[in-house]
Amino acid sequence: MLKGLLYNPSDPDIRNEFIEAKRKVRLFNNTNEDELELRTSILKSILGSMGKNAYIEPPFRCDYGKNIHVGDYFYANYNCVILDAVPIHIGSYVLLGPNVGIYPINHPIDKDIRKIWVEYGQSIRIEDNVWIGGHVVINGGVTIGQGSIIGSGSVVTRDIPENVIAAGNPCKVIRKITEEDKKFWENRYNLER
């Protein structure tokens, strides 16, 4: 499964891991707003690795949890879904808008093989300083380069280079992020403080 080979998700060992993750996710999603320490503790028990000051806003959904690795200051807004039968690596200072879906799992094209209930996955990598807008879908086998922005409602089906703004279905590069962008936002920040 972790190597991207065909696997049967109803295999007893895989199913037990799936059920245990669901139990922990339910506990996480049922915490109260003022239980930040408890949320963090449960989240650390779910994820494969978690950087400092990483936060996921409930409700959150995943399949196994242990295959998700997030860096420092990661933030996921409401209704994040990560189907993690394969490794998902998310860098530091990554922001996910509400309703982001990270879907690395695929099913065979052939209908007869699909009836056997096998599936496979392709790992996903989101590098540092990426901002993913709301309602974005990220498909398997994709890398999103550091510093890039993915516009709301996009469907990411192929790699996105670093330091670009990309959007659409399928998601395509709109333009590079420039030094002028940096100057504009630094000036605005300084004026509005």
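Phe-28, Arg-39, Thr-40, Leu-43, Met-50, Ala-54, Tyr-55 and Ile-56 line the largest cavity, lining residues being those with an atom within 4 Å of a cavity point, where on a 1 Å grid over the protein atoms alone a 1.4 Å probe fits but cannot get out. The model is a predicted one, with local features needing pLDDT of at least 70 and side-chain atom pairs pLDDT 80 or more, while totals for chains, interfaces and linings use all residues. Numbering runs from 1 along each chain as its sequence is written, and side-chain values rest on heavy atoms, with hydrogens and water left out.

One cavity reaches 30 Å³ or more, and about 30 Å³ of space lies in the largest. Helix 2 (36–46) and strand 2 each give at least two lining residues, and helix 2 has the largest share, with three. Helices here are DSSP runs of H or I, at least four residues, and strands are E runs of at least two.

Then there are the rings: five aromatic pairs turn up, a pair meaning Phe, Tyr or Trp (six-membered) ring centres within 6.5 Å, stacked if the planes are under 30 degrees apart, edge-to-face if over 60 and tilted otherwise. Tyr-55 and Tyr-75 sit 6.0 Å apart centre to centre with planes at 15°, so they are stacked. This pair ties together distant parts of the chain, 20 residues apart, with Tyr-55 in strand 2 (residues 55–56) and Tyr-75 in strand 5 (residues 75–76). Tyr-75 is partly exposed at 27% relative accessibility, a class between buried (under 20%) and exposed (over 50%), using a 1.4 Å probe and protein chains only. Phe-184 and Trp-185 pair edge-to-face, at 5.0 Å and 85°, and Phe-184 is partly exposed at 46%.

Definitions and conventions: On a 1 Å grid over the protein atoms alone, a cavity is a set of points where a 1.4 Å probe fits but cannot get out, and a pocket is an open set with protein on both sides within 12 Å along at least five of seven lines; lining residues have an atom within 4 Å of a point. Grid points are joined across faces, edges and corners, and a volume is the space filled by probe spheres set on the points.
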